[in-house]
Amino acid sequence: PEAPTEEQLIAWIDGNEGKLVLLGRRLDEDAYEVFKRICLERGRLFVRLPDGFEPAHVARQVIRQVGWRLRPQAATRAGD
């Protein structure tokens with residue numbers, strides 16, 4: 001399918017309130033750079049899901065791609 005436009009990506013990312021964006025579609029290089037920029041501008045973490053949507057695949061990719069960013073938040077909460 002045709003790559004989404006920047007406006008479509010903005011609408012999709014802004015339309016979801018979660019702090020983590022799951023990307024289950026392969027984007028071409030230009031669309032991926034736009035997607036990444038939008039997420040960074042909005043302070044949203046994102047995870048690419050190259051292996052599919054099975055819970056084990058999602059968990060593995062979240063841990064691999066953003067787990068290190070989540071650890072300091074968890075440590076702070078544990079110390080409260």
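Where is Glu17 found in the chain? Glu17 sits in the loop between α1 and β1. The model is a predicted one, in which local features need pLDDT of at least 70, side-chain atom pairs count only at pLDDT 80 or more, and totals for chains, interfaces and linings use all residues. Residues are numbered from 1 along each chain as its sequence is written, and side-chain values use heavy atoms, with hydrogens and water left out.

**Elements and burial**

The chain has three helices and two strands, arranged α-β-α-β-α from the N terminus on. Helices (H or I, at least four residues) and strands (E, at least two) are DSSP runs, numbered from the N terminus. Of the 80 residues in the chain, 29% are buried. Buried means under 20% relative accessible area, exposed over 50%, and partly exposed in between, with a 1.4 Å probe and protein chains only. Contact means heavy atoms within 4.5 Å. Among the contacts in the chain with a separation of 6 or more, 52% are between residues 24 or more positions apart.

**Helices α1 and α2**

Helix α1 covers residues 6-14 and helix α2 residues 29-41; their axes come within 10 Å and cross at roughly 40°. Axes are lines fitted to C-alpha atoms, for helices over the stretch in contact, and angles run from 0 to 180 degrees between N-to-C directions. The two helices are therefore oblique to each other. In this scheme, angles under 35 degrees count as roughly parallel, over 145 as roughly antiparallel, 65 to 115 as roughly perpendicular, and the rest as oblique. The crossing of α1 past α2 is right-handed, the term for a near helix turned clockwise from the far one by less than a right angle, with anticlockwise being left-handed.

On the α1 side the contact involves Glu6, Leu9, Ile10, Trp12 and Ile13; on the α2 side it involves Ala31, Val34, Phe35, Arg37, Ile38 and Cys39. By class, this contact has nine nonpolar, no polar and two charged residues. Here Ala, Val, Leu, Ile, Met, Phe, Trp, Tyr, Cys and Pro count as nonpolar, Asp, Glu, Lys and Arg as charged, and the others, Gly among them, as polar.

**Aromatic pairs**

A pair of aromatic rings is described by the distance of the centres and the angle of the planes. Rings of Phe, Tyr and Trp (its six-membered ring) pair if their centres lie within 6.5 Å; planes under 30 degrees apart count as stacked, over 60 as edge-to-face, and the rest as tilted. The count comes to four aromatic pairs. Two of them are edge-to-face, with these values:

| Pair | Centre to centre | Between the planes |
|---|---|---|
| Tyr32 and Phe46 | 6.2 Å | 75° |
| Phe35 and Phe46 | 5.2 Å | 75° |

Tyr32 lies in helix α2 and Phe46 in strand β2 (residues 45-48), so their pair ties together parts that are 14 residues apart in sequence. Phe35 also lies in helix α2, so its pair with Phe46 ties together parts that are eleven residues apart in sequence. Tyr32 is buried at 17% relative accessibility, Phe46 is buried at 14%, and Phe35 is buried at 0%. Trp12, Tyr32, Phe35 and Phe46 form one aromatic cluster.

**Exposed residues**

Glu17 is exposed, with a relative accessible area of 82%. Glu17 and Arg44 are 27 residues apart in sequence and 9.8 Å apart in space, C-alpha to C-alpha.

Arg26 belongs to the loop between β1 (20-23) and α2 and is exposed at 79% relative accessible area. Between the C-alpha atoms of Arg26 and Ala3, which are 23 residues apart along the chain, the separation is 9.1 Å.

Arg64 is part of helix α3 (residues 55-78) and is exposed, at 56% relative accessible area.
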